[in-house]
Amino acid sequence: MSEDLLGSGVWQGKAWSSGWKVLQGGILDVEEPATGQTIGRVSRANAADVRAACAAARNAQKAWVAMGHAARAAIFRKAAALLEANREAFAAWIVRETGGIPPKAMFEIDSVQHHLFEAAAMLTQPQGLVLPSEGGCTSIARRVPHGVVGVISPFNFPFLLSSRAVAPALAAGNAVVLKPDPRTPVSGGVLLAALLDAAGLPAGVFHMLPGDAEAGEALVSDPAVAMISFTGSTAVGRRVGELAGRQLKKVALELGGKNVLIILDDADLELAVSGGSWASWLHQGQICMSAGRHLVHRDLAQAYAQRMAAKAAALPVGDPHTAPVAIGPLITGRQAERVDRIVQESVRMGAKLLAGGRCDGRFYHPTVLAEVTPQMPAFREEIFGPVVSITAFGSDAEAVALAADNEYGLAAGIYTADVGRGMAIAEQLEVGLVHINDQTVNDNGLMPMGGRGASGNGSRHGGPANWDEFTQWQWLTVRNTAPTYPL
């Protein structure tokens, strides 16, 4: 299969809503973070565009759910095949638009393929239960789609995090309206729209509307939308939850994290440093599961910090589109300024800067801070930048207390030679994801992804959780003869 889904440029200056079209909200320029250059253009949605798309999605949903399961599954399998045929072109867009290194782009593509195949598999899975009932009555609990699902996706892993919600929502029988982040509308929306269109998804079932807060609030508030799936910052997630709650909509919130990596005194130091560097520096730390706090036993803290600093000094920084680098640009200059503010404030409060702490435009050099205390912003705030923040502890109980000293509850990793000891600590951590002898940035399409507290509202994406999120129960009874009642 050799179809070039992007080469014609038919999508330039447009959005996807029953075909490529120009919307009313104007134009969004697609900027390359590494250079600041404009590398594409898409159409921007305003509130009126969103209302029209939601109405069209509701009208198309009934025919979509009535389509035979084999025909629907074939669409997802064809989309996966088209993605394989276009992986180099898609990867180039992910690298240039997100500032990620090529292996990160390939990881996104591999993950999206997995989600597409899982979506196809959902169509042949059981979709209900036969319940106990009295004679003459058949009682069934079945999963039915919500109707229209609104998806709002972020900039950091845009292709993956859009597809992670869109594919299972469609497979469950919903129509979908997607609003990708305005900083990554191609990776977060155009790529997926091109795939699904070429794979034969019926018109009106999927809409892709790039836009800013106006479009997002219109999507969350539209009465045709029965559920919202939002991935992004905790601050915006609170606003999404507020708006959705006013209309009693179901809402799935996958938000930020200030995740802990706990290094016990019996840990293999080399493996811990390897995992810790990956967990904080992958994609410049712009991952909700990044290790925001390295809690290291005091017997290992100095050696851990020194080795991490040496690794930071050796990592090449630059444009991932033109050079073999490990660290690319942050998504915006404003984000680079925010990272630097957190680092410099922490240093003024007594943290020791062992590496990095230097910003060249949007390129923030991998940074190591030691002797970080809970009062410092490097301990308290989600940084979303390439910063290792190290805090020493003296006992397992102190490590658990430090881990709990935060409002977030997404991911944790524990390094130890004693698995039982690691399990005992894991049971005390109020997080959605925990890994013993591994780091915090772990992901696959079969696990229920999500967090607690400021990291989410208990919703989950992935594997069996997709049925929970993107459908609801309906009780159905069937009797051969209607009963009589005493009144």
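**Sheet, helices and aromatic pairs**

Strands β7 (residues 148-152) and β8 (residues 175-179) run parallel to one another, paired over five bridges. Within this pairing, Val149 has Val176 of β8 as its bridge partner. The model is a predicted one, and that goes for everything described here.

Zooming out, β7 and β8 belong to an open sheet of seven strands, ordered β2-β1-β9-β8-β7-β10-β11, and the pairing is mixed. The edges are taken by β2 (20-21) and β11 (250-254); each has a single partner strand, so one side of each is left without a neighbour in the sheet. As a reminder, strands of a sheet pair through backbone hydrogen bonds, in either a parallel or an antiparallel sense.

Now for the helices on the sheet. Helix α1 (residues 47-66) packs on it and touches β1 (15-17), β7, β8 and β9 (206-208). The direction of α1 makes about 155 degrees with that of β8. Helix α5 (residues 158-171) lies across β7, β8, β9, β10 (227-231) and β11, and its angle to β8 is about 165 degrees.

Helix α5 also has a helical partner. Its axis and that of α4 (residues 102-122) come within 9 Å, crossing at roughly 5 degrees. With angles under 35 degrees counted as roughly parallel, that makes α4 roughly parallel to α5. On the α4 side, the contact includes Phe107, Ile109, Val112, Leu116 and Met122, along with Lys104 and Glu108. Across from them, α5 brings in residues including Phe159, Leu160, Ala167 and Pro168, as well as Arg164. Sorted by type, the residues of this contact come out as 12 nonpolar, three polar and three charged.

Aromatic rings are the last stop. Six aromatic pairs turn up in a search of the whole structure. One of them joins Trp11 and Trp93 edge-to-face, at 5.4 Å centre to centre and with 80 degrees between the planes. Trp11 sits in the segment before β1 and Trp93 in helix α3 (residues 87-98), so this pair ties together parts that are 82 residues apart in sequence. Both Trp11 and Trp93 are buried. Trp16 and Trp20 make an edge-to-face pair too, with 5.1 Å between centres and 70 degrees between planes. Trp16 has a relative accessibility of 12%, and because the cut-off for buried is under 20%, Trp16 counts as buried.

Definitions and conventions: Residues are numbered from 1 along each chain as its sequence is written. This is a predicted model: local features need pLDDT of at least 70, side-chain atom pairs count only at pLDDT 80 or more; totals for chains, interfaces and linings use all residues. Side-chain values use heavy atoms; hydrogens and water are left out. Two strands pair if DSSP finds at least two bridges between them. Helices (H or I, at least four residues) and strands (E, at least two) are DSSP runs, numbered from the N terminus. Contact means heavy atoms within 4.5 Å. Axes are lines fitted to C-alpha atoms, for helices over the stretch in contact, and angles run from 0 to 180 degrees between N-to-C directions. Angles under 35 degrees count as roughly parallel, over 145 as roughly antiparallel, 65 to 115 as roughly perpendicular and the rest as oblique. Ala, Val, Leu, Ile, Met, Phe, Trp, Tyr, Cys and Pro count as nonpolar, Asp, Glu, Lys and Arg as charged, and the others, Gly among them, as polar. Rings of Phe, Tyr and Trp (its six-membered ring) pair if their centres lie within 6.5 Å; planes under 30 degrees apart count as stacked, over 60 as edge-to-face and the rest as tilted. Buried means under 20% relative accessible area, exposed over 50%, partly exposed in between (1.4 Å probe, protein chains only).
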